[in-house]
Amino acid sequence: MPTSAQRPRVLSGIQPTAGSFHLGNFLGAVRQWVTLQEGNDAFYCVVDLHALTLNPPTPAELRERTRVSAAQLLAAGLDPERCTLFLQSHVPAHTRLSWVMECLTGFGEASRMTQFKDKSARSGADRVTVGLLTYPILQVADILVYQANYVPVGEDQRQHLELTRNLAQRFNTTYGDTFVVPEPYILSGTAKILDLQDPTAKMSKSLGDAGTINLLDDPAVTVKKIRRAVTDTETEVRYDPKAKPGVSNLLTIYAAFAGRPVAEVDQDFAGQGYGALKAAVADAVVAFAEPYAKRTKDLLDDPAELDRLLARGARRANEVADESVRVAYDRVGLVPPPT
């Protein structure tokens, strides 16, 4: 049942994290989502059901994180006129299709998924939840239920997309051509942002706050973190990720906001020191983050409007997803519900 849309369909989701998106989230994923609205039938969701998989937040925390994440996506430039933005839990077809896909997935296949394998090895199989085992199959349903042609992926998501492709092909072989087999959409020119205090590691809240640029932080906090970013004992500003990872990370951030190749922006700082580089990076980040934070706050201060936008997205998402489930249930032989 391939999509008949003239434009390719793209699907991606993001977990509702605590507080602010950090700079790595934005430059590594969300900014590309904004670009992909043009020329694609783009579906984007806050995957609030996946937030229950590991160390689930309290009910109040989950609601707040979900709304803040949705507001930040809109503040970043997602346009409800050009994309479909919704909450995963507002579309029951995700979990309805997930059960069918679970019944096509071998236990060994699921247990070889990296996060389950690593977590169960560290904690013991009886200390992890069944949700950790099955959440990759819910991710499969997240994608297939929209008949997505492309899924933006980084290296850490390739295994999940391969499982999606395998299960789509397995269903199609068993029950007839039903699902689009999605292709990876490799994001060209995506900036990999590293931790300011440990520039050998990807920026992540799990590494601590000092090395993370949170886009909703007060500008003074952001400037302070950038000024304290780890560099090296030299003084030359040069892009060399192996020899100068800290300096190269700052140049990567600067280039991303300047819209120029990172390999050439070091020429802007010829004859200048690290202080000039850090000041330029801070100016570039704050110039984006201040209006971004204001737009986010405005959306959160008008919950009725935020709910309206999410409801609009959910209506479109349900229309597409319900039809996929209807066909899939018919193909496996489930009796249609009474009308």
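**Notebook: contacts in a predicted model**

I started at Thr174: a polar atom of its side chain lies 2.8 Å from the backbone oxygen of Arg170. I took a polar contact as a pair of N or O atoms within 3.5 Å; within protein, one must be able to donate a hydrogen and the other to accept it, and residues adjacent in sequence count only if both atoms are side-chain atoms.

I noted that the model is predicted, so local features need pLDDT of at least 70 and side-chain atom pairs pLDDT 80 or more, while totals for chains, interfaces and linings use all residues. Residues are numbered from 1 along each chain as its sequence is written, and side-chain values use heavy atoms, with hydrogens and water left out.

I placed Thr174 in helix H7 (residues 158-175). Helices (H or I, at least four residues) and strands (E, at least two) are DSSP runs, numbered from the N terminus. Thr174 is partly exposed, at 46% relative accessibility. Here buried means under 20% relative accessible area, exposed over 50%, and partly exposed in between (1.4 Å probe, protein chains only).

I then followed Arg170, whose side chain meets that of Glu109 in a salt bridge (2.9 Å, N to O). This pair links distant parts of the chain: Glu109 in helix H4 (residues 107-111) and Arg170 in helix H7, 61 residues apart. A salt bridge is a side-chain nitrogen of Lys or Arg within 4 Å of a carboxyl oxygen of Asp or Glu. I found Glu109 buried at 17% relative accessibility, and Arg170 partly exposed at 28%.

**Other salt bridges**

I searched the whole structure and got 22 salt bridges. One of them joins Arg7 and Asp41 (3.9 Å, N to O). Arg7 lies in the segment before strand E1 (9-14) and Asp41 in strand E2 (residues 41-46), so the pair ties together parts 34 residues apart in sequence. Asp41 is buried at 5% relative accessible area; Arg7 is partly exposed at 38%.

I also saw a network of salt bridges linking Asp232, Glu234, Glu236, Arg238, Asp240 and Lys244.

**Aromatic rings**

I counted 10 aromatic pairs. Rings of Phe, Tyr and Trp (its six-membered ring) pair if their centres lie within 6.5 Å; planes under 30 degrees apart count as stacked, over 60 as edge-to-face and the rest as tilted. Tyr150 and Tyr185 have ring centres 6.3 Å apart and planes at 80°, so I logged them as edge-to-face. Tyr150 sits in strand E4 (residues 150-153) and Tyr185 in strand E5 (residues 183-186), 35 residues apart.
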